Amino acid sequence: MNEIKKLDEKLQPKIDAGEASNFIKAQELTKDDYFRGVARKYEQTRPIKDSIVRLDQEAKIVETLRADKPVLIRGNWRMGKTSMMESLQTHQFGLKNSIVADVMMENPYSAKSLKNFQKQFGLNAVVEFIAKREFKKKDELRKQITKSRKFPFEFLNDYLIEHGEKVFLSLDEVIFFAEELEKLKYLANLKSLSNIQITLVLHRVAYYESSFKEIFEEYETHFVRALTLEEVETLVRKPLEGTRITFTDDAIQRIFEFTGGRPMEINNVCWALMGSSEHKNYKFTYSAEDIDALTRKETWELGEPFRIAIVNYKNIYTSSMNNEEQAIIDKLIEKGEVPVSEIEAVKVQPLIDTTFVTRDFAKGAYRINGELFKRVVLDKNLWPRITY
């Protein structure tokens with residue numbers, strides 16, 4: 001018995017006239033459960049460990065790493081950097097041959113000096129990695145590493161050389177050390193370890209960009225890109241497999257235009273239509289008109305689940321972009337399209353890299369990528385109210 005048949009049977013029980021009002025309430029609850037169950041398939045906040053999009057970009061990063069070049073995964077907040085890191089582990093390296101860690105979790109807060117930081121940073125990750133392989137007690141490994149007088153990742157590298165192996169090491173939230181340049185340089189210099197294929201995940205913040213450029217000069221940078229229209233279709237339709245719910249092609253196009261191909265917003269739209277108390281719309285087929293009915297609401301009316309995206313865009317405009325980049329964004333919003341000859345390519349490239357500007361090669365013009373981002377910037381007068 002398929003899923004929709006079960007649903008139909010729940011929605012159509014045998015009742016008498018006196019039970020009609022109770023049935024209507026029960027029917028709505030059942031509908032709500034059904035659509036919310038589908039809505040939950042569209043992840044709102046957590047990283048994706050097994051991504052179904054940007055697989056070509058994963059392949060390019062892997063090619064770089066296997067050529068023994070260090071990689072910097074870059075982008076703004078909530079653009080999919082951590083998902084890229086964790087999906088690389090899942091798809092390409094496996095748990096046995098990789099270490100994925102958040103630097104804030106590995107950071108020894110008690111280590112004030114650089115020397116003590118170097119001795120302690122990554123100790124937990126290295127101990128965990130080797131203990132699983134060697135079936136050793138963690139306390140014994142800690143003593144062994146300390147006695148060796150080697151930094152934890154240096155100890156790990158020697159261990160890998162001895163075993164004729166390499167490991168994928170990815171460190172997230174490196175932005176945590178943006179104001180501690182010596183520690184940041186130490187992390188960057190982990191690239192010198194021969195048997196560690198290193199990837200660092202780093203946010204873009206205008207104030208620090210000149211320092212980052214110098215420190216990570218030898219890294220190959222990969223900005224997490226926006227999704228293509230085809231990938232938007234995949235992200236929307238994959239969770240619907242096994243259900244009777246569908247999105248028309250023109251609905252997919254509208255979602256692409258509204259979100260600019262940024263996964264979090266794509267999931268926000270789908271979740272809103274099926275799971276949000278403010279916007280839910282119980283339909284088995286969603287068309288362009290349904291997307292428009294949702295997305296044409298005033299920005300402040302969108303509320304949940306777009307709250308995080310709206311606040312995020314406010315922060316990106318004020319922190320990720322420098323004054324010149326903000327001026328470019330403002331000009332593109334005002335004009336709609338600007339000929340490529342009117343903007344220096346080197347100045348607009350960071351905005352293309354971070355997904356907020358796109359180049360229309362057919363027209364020879366730049367434009368804003370994503371309607372929601374454009375509206376958030378236009379609504380600057382509302383920003384004091386967008387605190388959440």
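Trainee: At roughly what angle do the axes of H13 and H15 cross?

Mentor: This is a predicted model, in which local features need pLDDT of at least 70, side-chain atom pairs count only at pLDDT 80 or more, and totals for chains, interfaces and linings use all residues. Residues are numbered from 1 along each chain as its sequence is written, and side-chain values use heavy atoms, with hydrogens and water left out. Helices (DSSP runs of H or I, at least four residues) and strands (runs of E, at least two) are numbered from the N terminus. The axes (lines fitted to C-alpha atoms, for helices over the stretch in contact, with angles from 0 to 180 degrees between N-to-C directions) of H13 and H15 come within 7 Å, and they cross at roughly 30 degrees.

Trainee: Are H13 and H15 roughly parallel or roughly perpendicular to each other?

Mentor: Angles under 35 degrees count as roughly parallel, over 145 as roughly antiparallel, 65 to 115 as roughly perpendicular and the rest as oblique. The H13 and H15 axes cross at roughly 30 degrees. The two helices are therefore roughly parallel.

Trainee: How does H14 lie relative to H15, roughly perpendicular or roughly parallel?

Mentor: The axes of H14 and H15 are 11 Å apart, and the angle is about 95 degrees. That makes the arrangement of H14 and H15 roughly perpendicular.

Trainee: Which residues of H15 make the contact with H14?

Mentor: On the H14 side the contact uses Val-269, Ala-272 and Leu-273. The residues on both sides divide into 5 nonpolar, no polar and 1 charged. The H15 residues are Asp-290, Ile-291 and Leu-294.

Trainee: How many of the 8 residues of H15 are buried?

Mentor: Buried means under 20% relative accessible area, exposed over 50%, and partly exposed in between (1.4 Å probe, protein chains only). In H15 (residues 288-295), the buried residues are Ala-288, Asp-290, Ile-291, Asp-292, Leu-294 and Thr-295. They pack against several elements, including strand E6 (246-247), strand E7 (285-286) and helix H20 (371-378). H15 is mostly covered, and its buried residues number 6.

Trainee: Is Thr-82 buried or exposed?

Mentor: Thr-82 lies in helix H4 (residues 81-93). Leaving aside neighbours within four places in sequence, Thr-82 is in contact with Pro-47 and Asp-172. Because its relative accessible area is 17%, Thr-82 is buried.

Trainee: Which are the edge strands of the open sheet of 5 strands?

Mentor: The order is E2-E3-E4-E1-E5, with parallel pairing; two strands pair if DSSP finds at least two bridges between them. E1 (residues 71-75) is joined to E5 by 4 bridges, and Val-71 has Glu-220 as its bridge partner in E5. An edge strand here pairs on one side only, and these strands are E2 (98-102) and E5 (220-223).

Trainee: How far apart are the C-alpha centres of domain 2 and domain 3?

Mentor: Domain bounds come from an automatic or database domain assignment, which gives domain 1 (55-223), domain 2 (227-296) and domain 3 (308-380). For domain 2 and domain 3, the distance between C-alpha centres is 24 Å.

Methods. Contact = heavy atoms within 4.5 Å. Nonpolar A, V, L, I, M, F, W, Y, C, P; charged D, E, K, R; others polar.
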